[in-house]
Amino acid sequence: MNLPRCFLRVAAVIAVLAGFSLPAHATINYTISLARPDQHRFHVRMAIPGATGNLEVQMAAWDALYQIRDFAARVIGLHAEDAAGPVVVEKVDKETWKIKAAGTVTVEYDTEWNDPGPFASQLDREHAFINFAMVLLYLPERHREDVRVRFLDVPEGWRIAVELQPDSADASGQTIAASSFDALADAPAELGIFDDFSFNAGGRTLRVVVRGKGWNRADITDALTRIANYETSLMGGPPDKEYMFLFDIGFGWGGGMEHSDCAAISIATAAQLPDTSAHEFFHQWNVKRLRPRSLEPVDRTREMWTRALWFAEGVTNTYAHYTLVRTGLFSPRQFYDALAEEYGEVEARPAHLWMSAEEASLNAWFEKYPLYNEPDFSVSYYNKGDVIGVALDIVLREASNNRVSLDDVMRQMYDDFAKKGRFYNDSADIRATAEALLRRAGVPAASTDLGSFFAQYVSGAKEIPFADILSEAGLELQTIEGGGIPVYRIVETSHPTDLQLGIRNGLLLGRTSQP
Ligand SMILES: [Zn+2]
């Protein structure tokens, strides 16, 4: 994800609903009525077949953000019935209800959402945006069963954009289907009036849905084509057949939220589109498929403690900036300025002297508390992880005479874990992968041990000697303001050695000295 800067910094199927077929036994049927936009209330009806006695239904406590937000608190008037009439519903904890019923059980409730942005849901007269795990109950014991969602009372002229299969059995075009509740929760839906177009890039179809103004199709197509071509080639091919971008432009900076085959992105101006898109698109690999074991299996009722967000989010930031400079969307100057800004954000927070990147990852769940976001209390795993990513890249290139890079680590981890259906063990497997690549490249044993790098800068909170590390890439870290909060600037040194020049070009162009 990509959180709003004020939070982080110091401080389709475009429902061209036709042509797909469904599994024969979609089991759990939801309807979502949009009839009450002024009250911002979705009315949900959930039909569950095959009940035999006790049935447990649950509302997620978290989704999208790593924050407990207790969506059950928004539920109004939940009741249920089976063929014999109303049945007893017992609330057993803050997000779980028990229902005694047989046969097909119908559960109904309202839930209120008027929160803009990709991390929330909203129903108003302009549109509806739905992250399904925030709105729909699920069955903890049956979350892998097929689901179908039919939208009711959709205003005239609205269309549906969602990266899911439409239900061809519904000629109205207002029903979508997913192979499981988990798949449904990974594909937010936009309903309303929007522009849309598609094109091929990175070996597949990219679908673009835009709500808002101040953008043009040629610029978006150019930026996304460059991003998709570069990141797909870097990671060895597209992970799936289609990808959808859902953009809100001009409604304020709301951030971006990654999903396996789509991203929901809310930006204040179209100028923010390349950076945010490069970040979210890279998440298809890093975090959605190359995934830490600590985030699996997903438990929607409680915090999931992971030390890996410095890599999942911070190194995704590293790659967003690498992608921009390597595709010409950033000049080298813009790349250096962005990196200096990330470093400055780390340094400006007193907490960087005692909070490690791993600890910041574990503490992600505190980000809902304003005090925690104060500079004395936390560092951001986005900023610190971004800096660690570049630092690790330079250290690997320097140790291997520019034959091993962070690009190799990303590809190797993707091959070793994602492609084999395995999850990685947080920082330990990142370190092990990088060390194995150094050994394989013939680097002397004394230089293949990354233990102290990880102990000091990843699991420890030792000051990253960033000026020294950058100098290995022929770059100088300058402090351009004394007093108050220091501001940093990165400049190219004028007489780099061949190796320093090779490393610098490697960062900017994505090359190692290997053919
Ligand atoms: Zn992210």
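A residue is buried if 20 or more other C-beta atoms lie within 10 Å of its own, exposed if 12 or fewer, and partly exposed in between, with C-beta atoms placed from the backbone. By that count N401 is partly exposed, because 16 other C-beta atoms lie within 10 Å. This is a predicted model: local features need pLDDT of at least 70, side-chain atom pairs count only at pLDDT 80 or more, and totals for chains, interfaces and linings use all residues. Residue numbers start from 1 along each chain as its sequence is written.

**Overall fold**
- The protein chain holds 14 helices and 20 strands. Both are DSSP runs numbered from the N terminus: helices are H or I with at least four residues, strands are E with at least two.
- The radius of gyration is 24 Å, close to the 24 Å that the globule rule gives for 515 residues, so the protein chain is as compact as a globular protein of that length. The radius is taken over C-alpha atoms, and the rule is 2.2 Å times the number of residues to the power 0.38.
- The C-alpha trace spans about 80 × 45 × 45 Å along its principal axes.
- Of the 515 residues in the protein chain, 47% are buried.

**Domains**
- The assignment gives domain 1 (28-191), domain 2 (195-284) and domain 3 (309-509). Such bounds come from an automatic or database domain assignment.
- The C-alpha centres of domain 1 and domain 2 are 27 Å apart.
- Their contact takes 12 residues from domain 1 and 18 residues from domain 2. Two residues are in contact if their C-beta atoms, placed from the backbone, lie within 7 Å.
- The side of domain 1 that touches domain 2 has seven nonpolar, two polar and three charged residues. Here Ala, Val, Leu, Ile, Met, Phe, Trp, Tyr, Cys and Pro count as nonpolar, Asp, Glu, Lys and Arg as charged, and the others, Gly among them, as polar.

**Helix α4**
- Helix α4 (residues 217-235) has 19 residues and should span 27 Å at 1.5 Å a residue; its end C-alpha atoms are 27 Å apart, which agrees. The expected span is 1.5 Å times one less than the number of residues.
- Buried residues in α4 include I220, L224, I227, Y230, E231 and M235.
- An α-helix has 3.6 residues a turn, so residues three or four places apart point the same way.
- The cover over the buried residues of α4 includes β14 (195-201), β15 (204-212), β16 (242-249), α5 (273-282), α6 (309-326) and α10 (406-416).

**An open sheet**
- Four strands form an open, antiparallel sheet in the order β7-β8-β13-β10. Strands pair if DSSP finds at least two bridges between them.
- The edge strands β7 (122-123) and β10 (159-161) each pair on one side only.
- Strands β8 (residues 127-130) and β13 (residues 189-192) run antiparallel and are joined by four bridges. A189 in β13 is the bridge partner of I130.

**Backbone exceptions**
- Most residues other than glycine have a negative phi, and most peptide bonds are trans.
- V287 lies in the loop between α5 and α6. Its phi is positive, near 110°. V287 is buried, with 21 other C-beta atoms within 10 Å.
- P297 is also in the loop between α5 and α6. A cis peptide bond joins E296 and P297, with omega about -15°.
- N401 sits in the loop between α9 (381-399) and α10. Its phi is positive, about 55°, although N401 is not a glycine.
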